[in-house]
Amino acid sequence: MTREKPKNLWLSRWGFILAATGSAVGLGNIWKFPYITGQYGGGAFVLMYLACILAIGIPVMMTEIAIGRRGRGSPIDAIGRAVRENGSSPLWKGVGGMAMTAGFLILCFYVVVAGWAFAYTLKMLDGSLAGGSVDALAQVFEAHNANALQLGGWSLLVALLTLWIVARGVQAGIERAVRWMMPGLAIMLLILVGYAFTSGGFDQGFAFLFSFDTSKLTGEALLAALGHAFFTLSLASGAILTYGSYIPDGQSIARTTFMVAIADTAVALLAGLAIFPIIFANGMDPTAGPGLIFMSLPLAFQQMPFGTLFGVLFFAMVSIAALTSAISMIEATVAYLNEKHGISRLKAAMGAGAVLLVISLLAMLSFNLMAGWTPLGKNFFDWLDYLTSRWMMPLGGIFIVVFAGYALRSDIMRDELGLPPLGYALWLFMVRYVCPVLITMVFLHALGWLGFDPLARWYWIAGAIGLLTVLGEGLRPRVWPVLVGRSA
């Protein structure tokens with residue numbers, strides 16, 4: 001079968017690295033990773049997290065990039081072309097559809113969250129955050145969300161900026177935007193780390209992040225590391241698969257993937273070094289979660305020299321991180337409409353944007369006019385989060401590794417990944433036997449169905465991987481091709 005010719009390409013490898021890192025770096029990196037690092041043993045947790053990145057993040061990311069480049073298109077089109085080349089069941093295209101839908105639905109509520117960062121950049125500048133306590137700032141946050149026009153206006157701004165960048169195309173829009181946004185984010189982050197160094201709480205913040213406390217490496221810590229390793233790289237959301245379709249032939253997928261994973265982790269750790277010294281210097285609670293950004297930090301900035309300036313800088317950095325993530329979430333949908341249906345990128349962005357605005361409006365209204373509408377105990381915003389993060393993305397991750405590990409012929413992935421024999425054998429083992437077990441653990445934990453401590457019952461994990469290996473190798477020659485819908 002003749003391979004699909006690329007319609008769009010990154011101008012350079014750095015275009016993909018910056019775009020993929022921008023997709024990975026979001027609000028979760030700014031507050032969640034530093035927080036769980038300090039909570040679960042500092043440097044010991046970082047090592048566990050890096051092991052999880054190697055076990056889940058890098059193999060799955062390599063898989064998505066390879067399939068994207070092989071199929072040269074949106075998730076549905078890329079997997080569809082790989083299916084046709086392989087002679088597999090066309091039902092596998094549903095995996096691409098699930099990933100694309102998950103990314104789009106995440107964006108529908110993410111624009112509201114990103115709107116908070118944009119709004120707080122202005123609030124920090126105009127003195128709206130001049131509260132005397134965390135409780136006072138909590139009231140400011142609640143009042144902001146209760147005002148439908150205000151909350152909706154900022155959400156609309158994020159949506160329009162996202163659509164404008166994506167409508168301009170891969171090179172003129174996305175790549176050009178991330179080429180200044182990501183270096184800008186890095187510069188602002190380094191300035192904030194330098195500022196935190198003078199805050200008086202740097203030693204405490206550093207110890208909170210990097211003290212090597214193995215006593216905190218519990219089963220809950222392992223599940224937190226596994227979950228964050230899977231979600232932080234924007235896996236199973238259509239973003240990486242679509243971005244991978246724009247990578248030129250000949251570029252090393254493995255090397256590029258490692259660079260994105262390293263950059264993503266470095267940004268998260270630097271964010272911790274920027275945030276926690278300031279929190280400790282002002283005697284605040286470092287375990288405040290999302291409230292750390294919108295309630296504790298604004299108060300801390302007020303109490304420090306040049307705090308307003310650095311507060312504006314901080315929220316501008318968070319806004320850029322949110323925008324680069326938002327761009328990746330809708331690119332798969334725009335690419336699908338553009339390539340599959342021949343619609344121009346501008347019209348595709350406008351069409352996708354119309355649906356985005358309707359659904360995001362409902363998500364925004366969950367904080368005010370529709371706050372009382374909570375079917376089965378969740379408002380519309382929470383339902384979007386629940387369905388995407390706890391069901392669609394983990395299931396999509398499981399399906400994509402089964403597709404690559406069992407449904408596709410070995411020569412397809414071997415050719416696309418370009419790994420030496422030992423490297424390919426290691427990738428194949430991880431994708432076939434390790435990733436399915438670990439992603440299933442993430443899935444069950446997210447649903448609250450995991451009934452054992454994975455560290456106390458580590459032999460269950462090893463046993464599951466061993467059993468899957470034995471069954472996989474035993475059933476693969478005859479049974480697996482039938483189960484996964486691949487022609488003989």
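## Aromatic pairs

Trp-391 is partly exposed, at 28% relative accessible area. Partly exposed is the band between buried (under 20% relative accessible area) and exposed (over 50%), using a 1.4 Å probe and protein chains only. Its ring pairs with that of Phe-443: the centres are 5.3 Å apart and the planes at 75°, so the pair is edge-to-face. Rings of Phe, Tyr and Trp (its six-membered ring) pair if their centres lie within 6.5 Å; planes under 30 degrees apart are stacked, over 60 edge-to-face, and the rest tilted. Phe-443 is buried, with a relative accessible area of 10%. The pair joins distant parts of the chain, with Trp-391 in helix α16 and Phe-443 in helix α18 (residues 421-446), 52 residues apart. Helices are DSSP runs (H or I, at least four residues), numbered from the N terminus.

By this rule there are 32 aromatic pairs. In another, Trp-383 and Tyr-386 have ring centres 5.6 Å apart and planes at 85°, so this pair is edge-to-face. Both residues sit in helix α16 (residues 380-407), three residues apart, about one helical turn.

## Basis of the model

This is a predicted model, with residues numbered from 1 along each chain as its sequence is written. Local features need pLDDT of at least 70, side-chain atom pairs count only at pLDDT 80 or more, totals for chains, interfaces and linings use all residues, and side-chain values use heavy atoms, leaving out hydrogens and water.

## Packing of α13 on α14

Helix α13 (residues 291-302) packs on helix α14 (residues 307-340) at an angle of about 150°, with axes 8 Å apart. That makes α13 roughly antiparallel to α14. Axes are lines fitted to C-alpha atoms, for helices over the stretch in contact, and angles run from 0 to 180 degrees between N-to-C directions. Under 35 degrees is roughly parallel, over 145 roughly antiparallel, 65 to 115 roughly perpendicular, and the rest oblique.

From α13, the contact uses Ile-293, Phe-294, Leu-297, Pro-298 and Phe-301. From α14 come Gly-307, Thr-308, Phe-310, Gly-311, Phe-314 and Phe-315. Contact means heavy atoms within 4.5 Å. The contact residues divide into eight nonpolar, three polar and no charged. Nonpolar covers Ala, Val, Leu, Ile, Met, Phe, Trp, Tyr, Cys and Pro; charged covers Asp, Glu, Lys and Arg; the others, Gly among them, are polar.

## Core and cluster

The largest nonpolar core has 186 residues, and Phe-314 and Trp-427 touch the most other members. Such a core is a set of buried Ala, Val, Leu, Ile, Met, Phe, Trp, Tyr and Cys residues joined through side-chain atoms within 4.5 Å. Not counting residues up to four places away in sequence, Phe-314 touches Ile-30, Leu-192, Ile-275, Ile-293, Leu-297 and Phe-301. Phe-314 also belongs to one aromatic cluster, whose members include Trp-116, Tyr-195, Phe-294, Phe-301 and Phe-315.

Thr-121 is in helix α5 (residues 93-126). Its relative accessibility is 17%, so Thr-121 counts as buried. Beyond its neighbours within four places in sequence, Thr-121 contacts Val-312, Phe-315, Ala-316 and Ser-319.

Pro-436 lies in helix α18. Pro-436 is buried too, with a relative accessible area of 10%. With neighbours within four places set aside, Pro-436 contacts Val-401, Met-430, Val-431 and Leu-468.

## Positive phi in loops

Most residues other than glycine have a negative phi. Arg-72 is not a glycine, yet has a positive phi of about 50°. Arg-72 lies in the loop between α3 (43-71) and α4 (75-86), and is buried at 4% relative accessible area.

Phe-306, also not a glycine, has a positive phi of about 55°. Phe-306 lies in the loop between α13 and α14. At 65% relative accessibility, Phe-306 is exposed.

Key:
Helices (H or I, at least four residues) and strands (E, at least two) are DSSP runs, numbered from the N terminus.
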